[in-house]
Amino acid sequence: MSRRPVIAGNWKMHKLQAESAQLVNDLMAELKDMDKATMPEVVVAPVFTSLYAVNKAMTDCGCGRVRLACQNCYFETQGAFTGEVSVEMAKDAGCEYIIIGHSERRQYFGETDEMVNKKAKKILAEGLVPIICCGESLEQREAGVTDSHIASQIKAALNGLTPDEVAKSIIAYEPIWAIGTGKTCDSVEANRVIAMIRGVVKDIAGANAADAIRILYGGSVKPETIEEQMAQSDIDGALVGGASLKADSFAKIVRGALK
Ligand code: PGA
């Protein structure tokens with residue numbers, strides 16, 4: 001089965017509203033000659049406070065080439081959860097995807113595998129797509145526990161999902177030591193881990209779901225690295241941090257992802 005590539009930009013905690021709108025406008029201008037039917041699925045994840053401005057810029061443009069995500073959510077619908085944003089609220093703001101379990105959220109904000117699982121269930125129940133992040137630290141890699149650690153993150157994240165829900169989800173493999181360091185994981189090794197993840201998905205949800213689910217690589221992806229990454233059998237796209245903050249470099253990555 002051929003899986004449509006996904007290039008997602010994680011803007012992290014960057015950009016005010018006007019800057020965010022400018023960035024998405026510049027990006028849409030860069031992509032305007034691409035064929036909508038054959039181009040990769042392009043997603044941007046601004047901060048919550050910029051969702052309205054970015055969604056408005058997308059609607060005003062009407063080009064339909066870029067889709068909206070946010071970087072986190074809470075799994076309850078509403079209530080006394082100060083500081084949190086529900087999936088319904090993200091959907092109301094125009095989001096179609098939500099990034100969950102990013103290593104920065106796990107490290108700095110105590111997000112656990114159990115929370116990632118609850119968020120994934122809620123996101124899918126609302127008809128949105130979870131972008132589920134996983135990845136090992138340098139210590140784990142050096143200790144030889146990369147595969148077992150990632151397999152356990154994936155099993156926990158997908159626990160209780162139907163094969164159909166799994167098929168619709170997106171996974172991002174992001175080795176922590178490659179995030180924001182300029183040190184990209186070797187493409188063959190990234191592909192090996194991603195194929196291993198696909199095997200875990202197959203065990204949990206069957207061959208069809210494993211065949212359908214898009215699994216991205218993330219960690220210092222740049223215009224110079226994307227073609228080699230996309231040439232690998234199991235890498236279906238990229239979750240891009242730093243290089244997504246400039247329209248031209250992000251657009252180059254989108255073009256480079258056309259297999
Ligand atoms: P990076 O970030 O591209 O800046 O390494 C990737 C990510 O954290 O999603």
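**A chat about the model**

Tutor: Let's start with Thr77, which counts as partly exposed at 36% relative accessibility. Buried means under 20% relative accessible area, exposed means over 50%, and partly exposed is in between, with a 1.4 Å probe and protein chains only. This is a predicted model, where local features need pLDDT of at least 70 and side-chain atom pairs count only at pLDDT 80 or more, while totals for chains, interfaces and linings use all residues. Residues are numbered from 1 along each chain as its sequence is written, and side-chain values use heavy atoms, with hydrogens and water left out.

Student: Where is the place of Thr77?

Tutor: Thr77 sits in the loop between β3 (67–70) and α3 (87–92). Helices (H or I, at least four residues) and strands (E, at least two) are DSSP runs, numbered from the N terminus.

Student: And which residues is Thr77 in contact with, leaving aside its neighbours within four places in sequence?

Tutor: Those are Ser86, Glu88, Met89 and Lys122, where contact means heavy atoms within 4.5 Å. With Lys122 there is a side-chain polar contact of 2.9 Å. A polar contact is a pair of N or O atoms within 3.5 Å; within protein, one must be able to donate a hydrogen and the other to accept it, and residues adjacent in sequence count only if both atoms are side-chain atoms.

Student: What about Met89, how far is it from Thr77 in space?

Tutor: The C-alpha to C-alpha distance is 8.5 Å, and the two are twelve residues apart in sequence.

Student: Switching to the ligand: how many residues surround it?

Tutor: There are 13, and the closest are Lys12, His102, Glu174, Gly180 and Ser220. A residue is near a molecule if one of its heavy atoms lies within 4 Å of it.

Student: Which atoms of His102 and Glu174 lie 2.7 Å from a ligand oxygen?

Tutor: For His102 it is a polar side-chain atom, and for Glu174 it is also a polar side-chain atom. Gly241 uses its backbone: an N or O atom there lies 2.8 Å from an oxygen atom of the ligand. The protein covers 95% of the 290 Å² of accessible area that the ligand has on its own. Accessible areas come from the Shrake-Rupley method with a 1.4 Å probe, and for residues only the protein chains shown count as cover.

Student: You listed Lys12. What is its phi?

Tutor: Phi of Lys12 is near 50 degrees, a positive value in a residue other than glycine. Lys12 is in the loop between β1 (6–10) and α1 (17–31). Lys15 belongs to the loop between β1 and α1, and its phi is near 80 degrees, also positive.

Student: Is Lys15 buried or partly exposed?

Tutor: Lys15 is partly exposed, because its relative accessible area is 30%.

Student: Last topic, the core. Which members of the largest nonpolar core touch the most others?

Tutor: Val44 and Ile197 do, out of 72 residues. Helix α9 (residues 187–205) gives the largest share of this core, eight residues. A nonpolar core is a set of buried Ala, Val, Leu, Ile, Met, Phe, Trp, Tyr and Cys residues joined through side-chain atoms within 4.5 Å.

Student: What does the second core include?

Tutor: That separate core has 14 residues, among them Val43, Tyr97, Ala172 and Leu216. In soluble globular proteins, nonpolar side chains tend to be buried together.
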